[in-house]
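Please read it alongside the sequence.

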Amino acid sequence: MKHNIFLLSILFIFAISSCSEEDLPEVAVYYTYLYWTSMADHQILRAVYQDDVLLQTEVVYGSLKGLDTPTALVVDEPNQMLYWTDFSTRQILRGAWDGSGNPEVLYTAPLRSYGPVELVMDTERLYWTQPYDQLILSAPANGLGPVDTLFDRSDGLNGPWGIDLEVSAGYLYWVEYEDNELWRVSLTENSTTELIYAGGSGFLNPYGIAISEGTGELFITDNALPGAAYADRILRGSLDGAMKLETVYDEEDGVSNAYAVVIDEWSGELYWLNQLNAGSIYRGGVDGRATEELIMDIALGQGLCIVRSTHEPNVLMQYK
């Protein structure tokens, strides 16, 4: 019996040692890419994290590649592409998310119109706002057109700014800062627009919006006008408007003239960007957890985007 046990032990050890590294399952390594725009510096920048450790911060695109006033941006992670709007040139552009190559102009707003401000994307289409023209527009992400006008001033638009998608349900949401309202419309069926939060719901001067499909909530940056009873803040509501708006973060948590807000659905973390001469990106949570300042000294930041990916970051050229 002891002899048999000894033989079995040898066979077991041999079986383990004969397994090559190729037989072992690979553990996926995820990186978090945080992108933002600086209008004053004419740049798109990014920070790359692994396991919450900052690996690198770098300029992705700059004035040498034609950037003037970059505002909003979105990332197409599967194709490693970056899309953004440029207010001064009135353009929507795209380029490699690592800054390699030159940007490609997809769409340009007509002369005598204003540039796009906010931008979102699903798998095949782009949606953006031109608040000073009272427009919400949409076009194929491949740049081949046509550009469709979804809503204009004849539909009652008055300052459409922040825009976001509830992808699973096919809803498009937007904020109108002039009327202090939040609306949505179904993109999958011929339905009328729905007023989710009306003026008087608690808004003072709303701009940015972010949808959390994981919690069924939405978050709005609300920049108070001078002399208002409340300071700048981030509000939380429900996707159907049934929940009363409540303050999640305010000036004591680092909110100061915040225009952009985004959500990392994987971690449940909330990020926002303060548009100041030396602004910062802050991180909190959809649950209102303690905040931290991540990136500082951003000159007039406007756009913000976050994405998780298994694609490894590469070292970018110093000058963009």
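**Nonpolar cores and an open sheet**

The largest nonpolar core comprises 17 residues, and those with the most contacts inside it are Tyr-35, Ile-44, Tyr-61, Leu-82 and Trp-84. The model is a predicted one.

**Make-up of the largest core**
- Two or more residues of this core come from each of the elements β1 (31-38), β2 (43-50), β3 (53-61), β4 (70-76), β5 (81-86), β6 (91-96) and β24 (301-309).
- Strand β1 provides the largest share of this core, namely three residues.

**Surroundings of Tyr-35**
- Leaving aside its neighbours within four places in sequence, Tyr-35 is in contact with Ile-44, Leu-45, Arg-46, Val-60, Leu-73, Val-75, Leu-82, Trp-97, Gly-303, Leu-304 and Cys-305.
- Two of these partners, Ile-44 and Leu-82, are also listed with Tyr-35 among the residues with the most contacts inside the largest core.

**The open four-stranded sheet**
- Four strands form an open sheet in the order β20-β21-β22-β23, and their pairing is antiparallel.
- The edge strands, β20 (258-264) and β23 (292-298), each pair on one side only.
- On average, neighbouring strands of this sheet are turned by 20 degrees against each other, direction ignored.

**Pairing of β20 with β21**
- Strand β20 runs antiparallel to β21 (residues 269-274), and six bridges join the two.
- Ala-260 has Leu-273 in β21 as its bridge partner.

Conventions. Residues numbered from 1 in each chain as written. Predicted model: local features only at pLDDT ≥ 70, side-chain atom pairs only at ≥ 80, totals over all residues. Heavy atoms only, no water. Core = buried A, V, L, I, M, F, W, Y, C linked by side-chain atoms within 4.5 Å. Buried < 20%, exposed > 50% of the residue type's maximum accessible area, 1.4 Å probe, protein only. Contact = heavy atoms within 4.5 Å. Pairing = 2+ DSSP bridges. Axes fitted to C-alpha atoms, helices over the stretch in contact; angles between N-to-C directions.
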